[in-house]
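Work through the exercises below with the structure open. Try each task before reading its solution.

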Amino acid sequence: MINLFITASKYIQLLLIVLYTYCNFRYLSIPDQEDADPLCDWQLRIILLVHFLMNCIIYLKTADMSAVWFYLLQLAFFLLYTFGAQRLYRNINRLLLNNTVFFLTYGLIMLERLDASKAMKQFVIIVGAAALTLVIPYLIDKIWDLVRWRSAFAAFGILLQGVVLIIGATSYGAKMSISIGGFTFQASEIVKITFVLAMAGMLSRATEFRDIVLSSLVAAAHVLVLVACKDLGSALIFCLAYLVMLFIATNRSLYLVLGTAAMGGASVFSYAAFSHVRKRVFAWINPWADIDDRGYQITQSLFAIGTGGFAGLGLYQGMPNRIPIVEKDFIISAISEEMGAITAICIILVCLGCFMQMMVIATYMEDSFYKLVAVGLAIEYIVQSFLTIGGAIKFIPSTGVTLPFISYGGSSLVSAFIVFAIIQALYIIQGNEDEADELEEMETYEETPDDEDEALEEDNAENDAYASEQVSAEDLDL
């Protein structure tokens, strides 16, 4: 009976996620958010229904009442976060808000299936990060002139990565994290936000070629420190974000060509200099040649994806734990195995939808600094998603980065919340300004008829006076 319920839920979940993805792209085609609100309402209902079905399976398979309490806590958080954010900010982008809950739902479901203790730790960080980042739109609205702190953002990023280089803990061949008092965080996840703020500030104020050179040197300093830490995945994200921001700021394709050539040279150098890079490249080219060692992780990922097929095996019906570090770098492989390749494809499409919405918001921004901030954060988000998913399906070599909101990891989770909160802040502020402009236009329009009436009355009075003078003149002539 349980297996029958799992099978039925599997196909219902597939139908629901396809509908959710359709609503996501249908929203992008509707210019007025008020007209798109019904789609957002349906999206939220779909998320909550999927969440309920999957948690029913978790309870049936574990027979643990703690799973029920955990589900109720998640449900309460999703409802409070969604409706609380809408209450705090009237002009919030509901698509990005729903997609945040969507990613968190699938991440928590798969993490609880893999390791319940890690799912609970992740949930605690989710609640804290959500509460803290809800303040970001308010702060940015009050402290609008962030561009003046561009030098401070740049110095902070370089110094923090320098600390990682000196005292950072080595993990899988790279120095990425700092441990303080038993608390460990990945510095590059925070630095990638300050990096975008610094580069956007410098490029938005660039008036001469030497300003471009200076911003490029600062960007290169960030990347070189990451390369020294052997955190090449983050270095690639930083490079691509800066190149796109530079192109938009200057509108010169030559910079893209030169930057791409420099990245190609850096890739060759990294392959020659770092053994763990050569190992990952080998595993990408031919993992079957050393399936028990260097190619083990990627082959297990491919086995999981192939075994699941389009519909998936069903929750708890696969063996995703066979993939090393499955909860971080290869979470999409676990989802594909048990929830189906269709589910994985829909998650990828929703990631793409978030990127498209971020770029649309960037086009709405009138201030060049915040336009570049939105573009830089959008590029970092989509490149990170591409690197994670591409590494899991053997499209590119594995880079060791996580999938935002879905993979296990506190630093990545907090960083993703901050990125989406900044984008939301820009959308909210621009929406408030548009409303103020519309209100001013309406007031002007309402005042105009009165002015016209007064002018018309004055003209009539002048005409009457003129007519009276003409009559008086005629009388005198007579």
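**Exercise 1: Helix 4**

At the start of helix 4, a side-chain oxygen of Asn93 comes to within 3.1 Å of the backbone nitrogen of Leu95. The model is predicted.

Task: Find out how the span of helix 4 (residues 94-114) agrees with 1.5 Å a residue.

Solution. 
- Step 1. Helix 4 has 21 residues.
- Step 2. The expected span is 1.5 Å times one less than the number of residues. For helix 4 this gives 30 Å.
- Step 3. The end C-alpha atoms of helix 4 are 30 Å apart, so the two values agree.
- Step 4. Now look at the cover.

**Exercise 2: A nonpolar patch**

Task: State which helix gives the largest share of the nonpolar patch. Then classify Trp69 as buried or exposed.

Solution. 
- Step 1. List the members. Ile2, Tyr59, Leu60, Met65, Trp69 and Leu72 make up the patch on the surface. Together they have about 560 Å² of accessible area.
- Step 2. Helix 2 (33-62) and helix 3 (65-88) each supply at least two of the patch residues.
- Step 3. Helix 3 gives the largest share, three residues.
- Step 4. Trp69 sits in helix 3. Exposed means over 50% relative accessible area. Trp69 has 56% relative accessibility, so Trp69 counts as exposed.

**Exercise 3: Phe25**

Task: Describe the surroundings of Phe25, leaving out residues up to four places away in sequence.

Solution. 
- Step 1. Phe25 belongs to helix 1 (residues 2-28).
- Step 2. Phe25 touches Leu349, Gly353 and Met356.
- Step 3. Phe25 counts as partly exposed because its relative accessibility is 28%.

Conventions: Residues numbered from 1 in each chain as written. Predicted model: local features only at pLDDT ≥ 70, side-chain atom pairs only at ≥ 80, totals over all residues. Heavy atoms only, no water. Patch = residues over 30% accessible without salt bridge, like charges linked within 9 Å, V, L, I, M, F, W, Y side chains within 5 Å. Areas by Shrake-Rupley, 256 points an atom, 1.4 Å probe, with all protein chains shown as cover. Salt bridge = Lys/Arg side-chain N within 4 Å of Asp/Glu carboxyl O. Helix = DSSP H or I, 4+ residues; strand = E, 2+ residues; numbered from the N terminus. Buried < 20%, exposed > 50% of the residue type's maximum accessible area, 1.4 Å probe, protein only. Polar contact = N/O pair within 3.5 Å; in protein donor to acceptor, adjacent residues only side chain to side chain. Contact = heavy atoms within 4.5 Å.
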